[in-house]
Amino acid sequence: MLADAARGFLDEAAPVAHLRAQRDAGQTHDPELWKQMAEMGWAGVLVPEAAGGADMGFAAANVLAEEMGRSLTASPFLSTAVIAATALRQISDERARTALAAIAGGARTYALAIDEGSKHAPEASALRAERDGNGFRLSGEKRFVVDGGFANHLLVLARTDAGLTLFDIPADRAGIARTAQAMIDSRDAARITFDGVEATGDNVLGQVDDAMTVLAPALHAGQAALAAEMSGLAAGAFGMTLAYLKERTQFGVPIGSFQALQHRAAHLWSDCEVTASAILNAGRMLDGDPDNAALAVSLAKARATQTAQLAVQEGVQMHGGIGMTDEFDMGFYMKRARVGAEWLGDYGYHAGVVARLRGF
Amino acid sequence: MLADAARGFLDEAAPVAHLRAQRDAGQTHDPELWKQMAEMGWAGVLVPEAAGGADMGFAAANVLAEEMGRSLTASPFLSTAVIAATALRQISDERARTALAAIAGGARTYALAIDEGSKHAPEASALRAERDGNGFRLSGEKRFVVDGGFANHLLVLARTDAGLTLFDIPADRAGIARTAQAMIDSRDAARITFDGVEATGDNVLGQVDDAMTVLAPALHAGQAALAAEMSGLAAGAFGMTLAYLKERTQFGVPIGSFQALQHRAAHLWSDCEVTASAILNAGRMLDGDPDNAALAVSLAKARATQTAQLAVQEGVQMHGGIGMTDEFDMGFYMKRARVGAEWLGDYGYHAGVVARLRGF
Amino acid sequence: MGQDSGDLALFRADIRAWLDENCPQDMRDGAVGEDSICWGGKNWNFTSEAQEIWLHRCATAGYSVPTWPVEYGGAGLNRDQEKIFHEEMARINARLPLQSFGIWMLGPALLQFGTHAQKLHFLPPIARGEIRWCQGYSEPGAGSDLASVQTKAEDKGDHWLVNGQKIWTSYANKADWIFALLRTDRDAPKHKGISFVLIDMRSEGASTRPIGLISGASPFCETFFDNVKVPKSYGEDIPSQVGEINRGWDVAKYLLTHEREMISGSAMLAGSGRSLGVILSESGHLDDPILRADVMRAEIDELAFGLTLERYKDQASAGQGTGDASAMLKYVGTELNKRRQELIMAGAGADALAWDDGRAPDWLRSKANSIEGGTSEVMLSILSRRVLGLPG
Amino acid sequence: MGQDSGDLALFRADIRAWLDENCPQDMRDGAVGEDSICWGGKNWNFTSEAQEIWLHRCATAGYSVPTWPVEYGGAGLNRDQEKIFHEEMARINARLPLQSFGIWMLGPALLQFGTHAQKLHFLPPIARGEIRWCQGYSEPGAGSDLASVQTKAEDKGDHWLVNGQKIWTSYANKADWIFALLRTDRDAPKHKGISFVLIDMRSEGASTRPIGLISGASPFCETFFDNVKVPKSYGEDIPSQVGEINRGWDVAKYLLTHEREMISGSAMLAGSGRSLGVILSESGHLDDPILRADVMRAEIDELAFGLTLERYKDQASAGQGTGDASAMLKYVGTELNKRRQELIMAGAGADALAWDDGRAPDWLRSKANSIEGGTSEVMLSILSRRVLGLPG
C-alpha cells in the first residue's frame, strides 16, 4: 500500500524531529528531502507519464499528503506537486510539458501567489497586469505566499482588462522582491512585491482574462490535499494522545481509564472517521468526475479543518502541562493545524461553498 | 425570601402535575389559580401601589417567573402582570389606572398581539389601523398570541400613517375572531383576525405612530421575565436530573458515579450559574437604569434560551428511556423550553441585539 | 456511481425492467414516514390495494428481503447487486415493500445461528409479510445493562414456564411473535444463563401495554409474561430457542453489532435525507447568522456522515466487518439527527409550536434515537474500550 | 455602580484625590500585558522611574496590598472600599503598582495560618516589593495529583535536609524565595505527611531551569533541591513552615480554593476584556456567518461570565464563601478565554500566522489556562463531587 510505504519513508526521513531541527536551524525548506521525494516519484505524482511523472491521480496525492500530515513533514509537495502540476497538466504545449518534467524531476518548485488580504479570496485579486506591447507588466503585492521564499517559480494571479489572468513567472525575474517570513508552523510564507515585472504571452497559463479555468482545478486539488494533510495531522495528534492515555498514570491508574476522557477520545476518533470519509470522497471525485468535485473538496476541507482543530486542542489538554512544552511535539501539530485552517480557504469559506452548491 | 414563599406556594398549588391535569382536560388556563396569584399580589407585582398593586419591581417579577419556570406553572403572569402592566404603568391617565387596578385584582387578563410571522419581529407588523373619523379601524391578522385564546384584553400593534401604534382593545369587540390553539407546551396561543375593528383614541396606548416608546419597555420586561422563567426551567430540569443521577443504579452503581456523566452534570450546573448572573443583572438594570437595560435583557434571554435547551436535552438523555415517556415530567420541560426559545425573540434575535449594542 | 461492469450492467437492466413493470404508480411517491410503512403480520390492514400488490409481487420475486438466500424467501443478491437494486428503487422513488423486525433482526440471527429447519420454518413467512415480530430485550430498571435479564424461563421438561416483564418492545401490541432474552439458568454468571427464545404472542399469559411518549405517539410497549408456556420445540430440528440454550447472549451480542451496522438505513440517522439548508431556506430565516451558521455546520456534518455510512457499508460487504466500530455510526448518526430536528424546529419558529403542524412529533421522537438500541454513552464506551483499547 | 452611602462617598473622594496627586502620568496608560507588570524582588529592574515611584508611593500608603491589615503593610480596606479603590484606579487607567505570588498566594496563607511574628517578618517586604516569591507545588509526573509530593525534607534537628524536584514553578529563576510543599513524614498517609515550607532560593543546592513553551515563552521552571539545608526557624516564633508540621496539605487546600477565587482577576479568564466583537469587526471578516455567529455566541458568554465573576466576588466578600463552587469560575473562565483566543486568531486570518504579529503567543499561551492551577477536568470533578454531591 502507498500509505504504508509513505509512512515508512517519512517516519525515517522526516519525522517531527526533522521539522524541529529545521526550525531550530532557522530553515523553512530542506532541498535534500525534496530531492528524495522526487526520486520516489512524489514530486511527479500528478505529472503525466509523457512528462516523466508517475501520474498516480488525486486520491494517491491525498494519501501522500495525509501521511505528511501525520508526521508534519514540511515540503513543497502541495504548492508544487499538487497545485502547480494540476494547473500545468491542463495545458498541452511544450512549455507546460517542460515545466511538468522539471517538477517531476524535483528541480523546479512553485509557489502560489494569489491572496493579498488576510483571508483566501482569489476573486479579489487587485495586482495589475497592464498590457505592454505584446506582453504585460505586473505591479502589486501578494501575501501569504506559501513556499514563496524559496520556490523558483511563481503562479501569479493578476487582474487584466476583462478579468483575471494566471501567470507562470520565474521567481528571480527583475522587479520581484520577496520577503520570506517564517510562520508559526515553521514553514515559509512570503510577502512578494511586483514592481513592473515583465511577462510575455508565454508566461500566461491558459487564456488571458480567464484564470479560473486553469486555476480552479488546481485550487481544488490543493484544497483536497491540504484537507488530507489536516486529516492525517488529526490522526497523528490523536495517535499520540491515545498512546499517552494508555501509558500515563495518575491517582494510581492510567488516565485512559477515566470515563470522561474515554468518551472524549471516542468522540474524537468518531470525528476523525467521518472526516476520513470526506477525504476519500474528494479524491474519488477529483479522479472520476473533476468537473463536479467542488462540493466534495469544500466538504473535505471544512471537515478536516474542524477535526484537526479538535484533535490538537484535545491533544494538548489531555497531555496536561507536558503538552504545553516546546520539548514535546504536540505544539507543532497545533501550530500547523492553525496554518492549515487558513490556507486556501478557512472553514467559513468552504462552508459558504457547500451552502451555495447545495442551493441555500 | 420571595423565592422561597413562591416556591412553597407553587409546589403546593401548581406543580407539573397541575399542568399535566390541565392538558389532559384540554384546558390552557386555570382562572382559579390566577385568582390565588392575584390574592398573593403576584398579578400586581408591577402595578403601582396607588392602583392597588404591590409594586415590587422587575427583579421581584423575575424571581416569581423563575419559580414558575421551575414548576412549569402556566398562568397569564407574563402577558398580563409583566408585559401589559409595564406598558400601562407608563401612562398616567385614569384609564390606565383603572386597567392596572383590574390587573392587580386579577379580573383583567391581557395578551400581546404583535407578531404576524413565524419569528418575533414587531417592527414588521403589517396589521393596519386606518383613520376613521376620530378613531381607527383595525384590519389584519396576528399570530402566536400567547394567552390570546382566553385573555379579555389585547395589546395590538398596528401600522398607522407614519409608524406603529399600540392599541388596548377588549377582546370581545366586534370584528375580532380568535382561534385558540394549544401549543406543544400545553398553553394557549391564538391566531386572531381583525376585520375592521373599531378603536377610539382612548384605545391608543401612548402616542399615535409611536408605539415603541411604550412597547419597548414592556417587551424588555417580558423578555427578562421569560428569560427568568427559562432559567428556572433549566434549574428545575437539572434538579430532576441530578436527583436521578444519584438514585438510579446501573451495572450495580449509581449512574451519577460515572465520570462522563459527572463532568456533563458539572458543566450544565456551571452553565446554569452563569445564566443566573445574567438574569439577576437584567432585573437590576430594569429596576435601576431601565433606559439602558436593552443589552442586559437580550443577554439574559439569549443565555437562558441556550441553558434551558442544554438542560432539557441532557435531562432527557441522562434519564434514558424513562425521559422519553409522557408519564415522566421531563418532556413537559422540553416542550416549554422550545416555546420559550421562540417567544419574544429567539437566540439569534437577541444575539443580534447584543451585537448591535456592543458595536459590531 | 460510476460504470457497472458487464454482469452488473445486465443486472441493472433486469431490475429496471422488473420495477418498471411491477411497481405500482402509487408506490412511487417516495414516502418514508411512519404512515406509509408496510409492517405486515396477521393483523395488518393494507393502506391501499397498491401496497398489497407491491408486497405480493416483491415477495414472490424475493425482493422483500433481497439479500436472503432464495430458499428462505429472498433473492440471493450480493452486495453489488443489492446496491444496484436500491439505486434503481430510489430512481423511481419506490417505497420499501415491507419493513419489520423480522427482516432487520430475527432474520439475520436465524441466518447466523439457526438450524436449517428453523430457517425454513420461520424465514419465508417473514419475507412474505405474514408474521410480524417484535423484540423483547430491555427490562424495567435495566436500561443500558441488557445482560441483567430477570424474566425467567423455568425448565418444565417439554416446555419453558416464562414469567417476567419486558419494556420498550416496539409495537409488541401489533406483533404476532416475539424473540426475547430469557434467563434460563439463575445460577450461572450474568452472561451465561440467558437464552434467545421465540414466543407466540397469542400464548395464554402474554399481554402488552403501550407506553405513551412525549411526542404523543406510543410505538413502545410493556410486555408481560404471566406463566406463559413456551414449547421447547416447534417441530423436528426446530428448537424454540436460537443458538444453544444458555448461550443466548452470543446471539444478542451478534444482533447488537448487526443492529448498529444495519441501523445505517434507519430514519434515526441523519446523513441521507433532504438538504437541511434547503428545508430551512424555505422558512426564510437563513439570513440570521446564528441559524445560518448552525445549518451550514449541520449540512457539512450530515454530508460527511452520509459518505461514512456508505464507506462502512462497503467495508462490511467487502468482508471487512466493521464490528464494534459501527457503534460510531449509531453515535454520530443519532446525535446528528437530533441536531437536524432541533434546527428544523428553530427554522420553523412559531409555526412548529402547534401540534397539528407535525414537525414537533418528529423532533421529540428524535430524542429517543440516542437512547434506543444502545445509548450514546454506551456507544462511546464500546468505542473507547473495544476500538481504542482504553483500559476498563 | 449606583450611589455610595455617606462614608463610602467620602472614601471615594479621598482615594480620588490621592490618586490624582500620586499616580504618575506614565502609570495611567492602562497597560496590562506581561511587559508592563512590576513583579518586584531583589533582582528587579524597574522599567521606568515612574514605575519605581508608583510602587514606592503605593507601598507607603498600603495600596500595593489594599486589603491587608495596616500592621502588615496593607491599607486595611474592606470589600466596599476595595471595590471603590479599584474603580477609581480603573477610572484613570492606573496600572497595578505590584503583582506577585507573594501578594496572591503566600500572603493569604500567612494571614490565615501564620503566627503574628511570621506575618510581621514576611508580609511587609512582600507589600513593598522587596522580596519576590514563587510557588513550589507540582512535581514531575504528578500532574493533577498534587498530594503525591515526593520532594523530601529530612528532619536534621535544627534544619530540614531537602532533596527533590519541583516543576511548573512560575518565574522560579527570578524569585528570591519559594514556598513549597515538602514531604516531612514518609510513613504517614499521602495527605498527612506534607509541610508547607518557606525556602530562600539563594540556599546552596537550590537551582532552576526554565521550560520552553510552545508559545515561545518560558515563564515556568524546573526547580531542583540538592541537599538544601532549610533552618527550622527564622527567628522567635517564626517557624520556617506555615501551619503545623505535616499539616501543610491544609494550607495547600486553602490556597487552592483561594487561588480559584482570586483567579477571577486573572488574565487567563475571559469576561472582562475588550469586546471580542469589536476586536474582530476591525479585521473586517464578520460578514462571514460562521465567524459572526461564533463571535456573537462568545460575546454573550463572556458578558454573562463577567457578571458571574462580579456576583461571586460580591458573595465572597459578603461572607458567603463560594468555596468549591469557585472551581466553576476557573473552568468556565479559562475555557472561554481559549475560545476567545481561537476567535481572535480566526478573525485575523493569515495576518496572525507570523510570529512577529504577536497574537499567536497569546493564543498558544491560553491553552495552558485550563491546565495550570488545576485542569478543567479536576474542576469538573470538584464540582460534581463537592458541589453537586455526586458519588465518588
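Guide: What follows is a set of questions and answers on this predicted model.

Visitor: Why is B:T241 called buried?

Guide: Buried means under 20% relative accessible area. B:T241 has a relative accessible area of 2%, so the residue is buried. B:T241 sits in helix α7 (residues 211–247) of chain B. Leaving out residues up to four places away in sequence, B:T241 touches B:E314, B:G315, B:M318, B:H319 and B:M330.

Visitor: What makes the pair B:A237 and B:T241 a polar contact?

Guide: The cut-off for a pair of N or O atoms is 3.5 Å. A polar atom of the B:T241 side chain lies 2.8 Å from the backbone oxygen of B:A237, so the distance is within that limit.

Visitor: Is C:S148 buried or exposed, and how do you know?

Guide: The relative accessibility of C:S148 is 18%, so C:S148 counts as buried, the limit being under 20%. C:S148 belongs to the loop between β1 (133–136) and β2 (152–155) of chain C. Apart from neighbours within four places in sequence, C:S148 has contacts with C:E139, C:A142, C:R183 and C:K190. A polar atom of its side chain is also 3.0 Å from the backbone oxygen of C:D145.

Visitor: Why is B:L2 called partly exposed?

Guide: Partly exposed covers values between the 20% limit for buried and the 50% limit for exposed. B:L2 has 27% relative accessibility, so partly exposed is the word for B:L2. The residue lies in helix α1 (residues 2–13) of chain B. Among residues beyond four places in sequence, B:L2 is in contact with B:M56, B:A60, B:V63 and B:L64.

Visitor: Which residues touch A:H263, leaving aside its neighbours within four places in sequence?

Guide: They are B:A260, C:E377, C:L380 and C:S381. A:H263 itself is in helix α8 (residues 259–288) of chain A. At 7% relative accessibility, A:H263 counts as buried.

Visitor: Which residues of α6(B) are buried, and why are they said to line one face of the helix?

Guide: The buried ones are B:A96, B:A99, B:L100, B:I103 and B:A104. Seen down the axis of α6(B), these residues fall within an arc of 135 degrees, so they line one face. Their cover includes α3 (31–39), α5 (77–88) and β1 (110–113) of chain B. After α6(B) comes B:G106, with a positive phi near 90 degrees.

Visitor: How do you know where empty space is left?

Guide: A probe the size of a water molecule is rolled over the atoms, which shows where empty space is left. The count comes to eight cavities of 30 Å³ or more. The second largest cavity holds about 140 Å³ of space. Its lining has 17 residues, and B:A74, B:S75, B:D147, B:R187 and B:R336 lie nearest its centre. The element that gives the most to this lining is α5(B), with three residues.

Key: Residues are numbered from 1 along each chain as its sequence is written. Chains are lettered from A and ligands numbered from 1 in the order in which they are written. This is a predicted model: local features need pLDDT of at least 70, side-chain atom pairs count only at pLDDT 80 or more; totals for chains, interfaces and linings use all residues. Side-chain values use heavy atoms; hydrogens and water are left out. Buried means under 20% relative accessible area, exposed over 50%, partly exposed in between (1.4 Å probe, protein chains only). Helices (H or I, at least four residues) and strands (E, at least two) are DSSP runs, numbered from the N terminus. The arc is that of the directions from the helix axis to the C-beta atoms. Contact means heavy atoms within 4.5 Å. A polar contact is a pair of N or O atoms within 3.5 Å; within protein, one must be able to donate a hydrogen and the other to accept it, and residues adjacent in sequence count only if both atoms are side-chain atoms. On a 1 Å grid over the protein atoms alone, a cavity is a set of points where a 1.4 Å probe fits but cannot get out, and a pocket is an open set with protein on both sides within 12 Å along at least five of seven lines; lining residues have an atom within 4 Å of a point. Grid points are joined across faces, edges and corners, and a volume is the space filled by probe spheres set on the points.
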